[in-house]
Amino acid sequence: MQTTPTTLHRRVEPLPWHARPATLAWRRECALAGVLLLLLVAALMGPSVAQPSHYHDFADQRSWGWLPHAMDVISNLPFALWGMVGVWALLRAVRVRAVSGAGAAMAGLFFGGLWVTAAVSAAYHLQPDDAGLVWDRAGMVLAFAALLGLAAMRAVSTRAGLALAAAVLVMGPLSVHAWSLTGNVLPWAVLQFGGMALILGCAFIRPAQARVLPVRWGLLIAIYALAKLLELGDHAVYEWTGQLVSGHSLKHVVASFAAWPVVCALLAVHKTKAESTALFTRAQAGRLAKARRTTTEMRGQA
Ligand SMILES: [Zn+2]
């Protein structure tokens, strides 16, 4: 029996976009866009919130020689140190291609953001006032945008992660600028707490892309929560420790440890990649040796 070309080579027409089944990434992208819209409405339409008037009155006012507010300034150093450790771990992972281009860009933005945080936060604490706080907050946005980008990349999709990071890089400085103009700190608070809520949400759903950096988000959120508690208890911690160290100084040190889960993730993907490369090389060497033996045997028989 002869089969006609029409039955064998019938062209399969692709479904129109509205009839295609929604993928997991697409559904989550829509959900993420909805949450972002709600946060934007809350930031723009919510009641005006003023920053506490005593915000700049930190517990530890001690100077060391020429250095005012010494502990609050020096305690920013761990941000820079973690930034250096992070860049080292990132370069190792990139060298063996253990991390995607987008993942590497986000991790690079995060560790670069830690350096910026160290610089602007130290500068702010030399002379704490509103003008310095504008730079302090704007500096934090880089690392925060990168963390949100990494979380969304793993939980949703690469383009969602990139879009979210870009949105935070724009909305972060805008919210700080809005506060400096109007005194309303709500948009900044929504960005910060809404962002952490998003990371929390991303942490507890099954990853859509398991190969993106496996950061332990639960640990990162615990570190952030501890840093916030120390910030709130600035004066209380200063008294509890017999005026040795304040809550705000400890907050800087604890917050810098947010880099730890990201560094661990980079070390983990580097190890996995190095092991799989070694296995592949061993298998290839085995195949080559077997081929050589076979050729020698065939020549011997001839
Ligand atoms: Zn500070």
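Colleague: Let's begin with one residue. Why does Gln-284 count as exposed?

Modeller: Gln-284 has 10 C-beta neighbours inside 10 Å, so it counts as exposed. The rule goes by other C-beta atoms, placed from the backbone, within 10 Å of a residue's own: 20 or more is buried, 12 or fewer is exposed, and in between is partly exposed. Gln-284 sits in helix H12, residues 259-301.

Colleague: What should I know about the model itself?

Modeller: It is a predicted model, in which local features need pLDDT of at least 70 and side-chain atom pairs count only at pLDDT 80 or more, while totals for chains, interfaces and linings use all residues. Residues are numbered from 1 along each chain as its sequence is written.

Colleague: How many helices and strands does the chain have?

Modeller: There are 12 helices and 0 strands. Both are DSSP runs numbered from the N terminus: helices are H or I with at least four residues, strands are E with at least two.

Colleague: What makes the chain more spread out than a compact globule?

Modeller: Its radius of gyration is 26 Å, well over the 19 Å from the globule rule for 302 residues, so the chain is more spread out than a compact globule. That radius is taken over C-alpha atoms, and the rule is 2.2 Å times the number of residues to the power 0.38. The C-alpha atoms fill a box of roughly 90 × 55 × 25 Å along the principal axes.

Colleague: Why are H4 and H5 called roughly antiparallel?

Modeller: H4 (residues 77-95) and H5 (residues 101-126) pack at an angle of about 160°, with axes 7 Å apart. Angles under 35 degrees count as roughly parallel, over 145 as roughly antiparallel, 65 to 115 as roughly perpendicular and the rest as oblique. H4 and H5 are therefore roughly antiparallel to each other. The axes are lines fitted to C-alpha atoms over the stretch in contact, and angles run from 0 to 180 degrees between N-to-C directions.
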